[in-house]
Every structure is written in structure tokens, then in C-alpha cells.
There are 2 protein chains.
Amino acid sequence: MEKYEAVCCESTEVHEDLLKIVEETMPEETELYDLAELFKVFGDSTRIRILFVLWKAEVCVCDLAAALHMTQSAISHQLRILKQSKLVKSRREGKSVFYSLADAHVRTIIDQGREHIEEDDR
Amino acid sequence: MEKYEAVCCESTEVHEDLLKIVEETMPEETELYDLAELFKVFGDSTRIRILFVLWKAEVCVCDLAAALHMTQSAISHQLRILKQSKLVKSRREGKSVFYSLADAHVRTIIDQGREHIEEDDR
DNA sequence: TAAATATATGAATAATTGTTCATATGAAAA
DNA sequence: TTTTCATATGAACAATTATTCATATATTTA
């Protein structure tokens with residue numbers, strides 16, 4: 001076999017039904033891509049740690065770097081990615097730029113993730 | 001500056017407070033790592049598409065490959081990753097192996113992600 | 001037992017990505 | 001204006017990863 005023929009698993013009917021359902025309910029290709037891109041942003045422990053700090057307070061880049069024991073450059077690069085996906089927002093105050101969480105989804109998504117991995121222990 | 005000195009941004013007190021809060025409330029290093037690993041799994045459009053198919057029904061590998069127009073091998077590799085992070089479970093029935101969503105967190109996380117990216121349009 | 005079908009997996013390759021280093025930009029102070 | 005401080009960013013390198021190809025395993029059928 002190989003290379004997605006229309007029929008496999010010997011049962012033709014079920015297969016056709018599935019294809020129809022998938023075609024009807026699957027989100028647009030761009031939405032699937034955007035979704036994956038969003039979760040990719042959560043998929044790095046540095047960015048996760050940044051989000052946890054911002055969970056507690058609005059913090060400037062410099063303090064973030066100090067709190068996480070990383071260089072200003074590394075933090076700044078990651079903040080740009082977080083901002084591009086609208087997970088954080090920023091506000092300039094003099095020489096400093098303060099970052100904070102952008103909306104409630106960030107907390108919900110992280111909370112659900114934590115619940116999921118904690119289930120492994122039970 | 002550079003290389004995370006203890007003090008920066010000229011203000012020492014606020015900084016010390018932040019460091020204390022972060023140290024007290026930041027999850028364990030292993031949990032942060034596991035969280036990032038979990039979201040990394042969501043961060044691929046092929047796996048997202050697999051999850052959307054399983055959203056509707058319990059499906060065998062072969063049908064998944066057909067529905068998503070991908071090779072059996074590619075799907076199988078991704079299913080292994082999804083299973084390792086306990087997002088899907090499997091059940092053997094004769095020659096076929098049927099996969100389904102493992103728990104409710106999958107749906108919640110994806111739903112929250114969709115809500116987040118949809119906000120951009122408003 | 002041998003052949004056929006469904007799935008799993010190791011190795012290789014191409015593409016993506018996080019951090020570092022050097023440097024640029026932007027704002028305040030001297 | 002010049003200097004200093006805080007942040008942003010481009011280029012380069014190392015590390016990770018998704019897919020393909022070939023092949024192995026597991027189950028059923030002949």
C-alpha cells in the first residue's frame with residue numbers, strides 16, 4: 001500500500017463516512033497552522049518561565065533576565081515571540097519596557113497543561 | 001552589564017522582591033520542562049489535525065493516514081509522540097489499532113487556543 | 001507454515017529554532 | 001550634544017524535529 005489510497009483497512013463504507021466528517025468539521029488549513037504556531041510558543045521552557053513570572057506581576061526586561069538567570073538578549077528575543085502571538089503586551093516607561101500577560105487564555109492553557117501532566121502521578 | 005547580575009534597572013528593592021516571589025511560586029524545573037514538552041506536542045499541525053479527527057471518532061492508523069492524505073509511517077510516528085504524552089490512547093482489534101483522545105484536557109486546551117487566535121480578528 | 005495486511009520503528013535528511021555575540025535603536029541624564 | 005542605560009535585532013551556530021525510506025513486528029487468512 002502506502003501513499004494514501006482512497007480505500008484501506010478493507011472496510012470501504014466506514015472509511016467514506018470518516019472522510020466526509022473530517023472534511024466537514026476540520027478547521028481551515030490556516031487555522032490549523034495558526035493553532036500549531038500558537039502552541040509552539042508555549043513549547044519552550046524559557047517562554048513558559050517568562051509567562052510564570054508575568055503571572056505575578058508586570059515586569060521589565062531587565063528584571064526578567066535577572067529573575068530567570070538569562071541574558072537580556074535571550075529574554076528579549078523570546079518576548080518578541082510571545083508578543084507576536086499576543087500572549088504578552090508591553091508598555092514603555094522611560095528607558096524600561098514593562099511586559100504583562102495579554103489575556104486570560106494564557107492562564108487557562110497553562111493550567112490545563114499542568115493538570116494534564118499531574119495526572120500521570122495518580 | 002550582561003550575564004545576570006543581581007541588580008539592574010537601578011532599583012534594588014523591587015528587584016529583590018520579585019526574585020523572592022519568583023523563587024517561591026515558580027514550579028519545579030522538571031514541571032516546567034514537562035509543560036514545555038507537552039505544548040511542543042500541540043505545536044505541530046499534523047498532530048493537531050490528528051487530534052481533530054480523533055475529536056469525532058475512534059479511528060485506526062490506516063484511516064487516519066487516508067483522512068489526512070499522509071503516509072502510514074508519518075502518522076504512526078506522530079501517534080507515538082501523542083501517546084507518549086498521554087494525549088491519545090490506543091486499543092488493538094485484530095490487525096488494526098484504534099486511537100482515541102485520552103482525556104478532556106485535549107479539548108479544553110485546543111478550544112482555548114482557538115479562542116485566542118480568533119480574538120485577533122475582532 | 002507461508003502469504004498478506006496493519007502498524008511500528010531505526011536511520012538519514014531537510015528544515016526549524018534557541019542562544020550567543022555584536023551592534024543598533026530609543027530615552028534620559030550630564 | 002554627548003554619554004549612559006534599557007531594550008531590540010541581525011547573523012551564526014548548535015540542537016531539535018518532521019518526514020521519508022526501508023524494514024521489522026504482529027495478527028489474520030489461505
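Which residue in β3(A) is the bridge partner of Val59(A)? It's Tyr99(A). Keep in mind that this is a predicted model.

In chain A, three strands make an open sheet in the order β1-β3-β2, with antiparallel pairing. β1 (59-60) and β2 (88-93) of chain A sit at the edges with a single partner strand each, so one side of each has no neighbour in the sheet. Two bridges tie β1(A) to β3 (residues 96-101) of chain A.

Now zoom out to the whole of chain A.

| Property of chain A | Value |
|---|---|
| Radius of gyration | 21 Å |
| Span of the C-alpha trace along the principal axes | about 65 × 35 × 25 Å |
| Residues that count as buried | 29% of 122 residues |

For a compact globule of 122 residues, you'd expect a radius of gyration near 14 Å.

Over in chain B, have a look at helix α6 (residues 104-118). The buried residues of α6(B) are His105(B), Val106(B), Ile109(B), Ile110(B), Gly113(B) and His116(B). Seen down the axis of α6(B), they fall within an arc of 125°, so they line one face of the helix. They pack against elements of both chains, including α2 (29-42) of chain A and β3 (96-101) of chain B. On the face of α6(B) turned away from the buried side, you'll find the exposed residues Ala104(B) and Glu118(B).

How values were computed:
Residues are numbered from 1 along each chain as its sequence is written. Chains are lettered from A and ligands numbered from 1 in the order in which they are written. This is a predicted model: local features need pLDDT of at least 70, side-chain atom pairs count only at pLDDT 80 or more; totals for chains, interfaces and linings use all residues. A residue is buried if 20 or more other C-beta atoms lie within 10 Å of its own, exposed if 12 or fewer, and partly exposed in between; C-beta atoms are placed from the backbone. Helices (H or I, at least four residues) and strands (E, at least two) are DSSP runs, numbered from the N terminus. The arc is that of the directions from the helix axis to the C-beta atoms. Two residues are in contact if their C-beta atoms, placed from the backbone, lie within 7 Å. Two strands pair if DSSP finds at least two bridges between them. The radius of gyration is taken over C-alpha atoms; the globule rule is 2.2 Å times the number of residues to the power 0.38.
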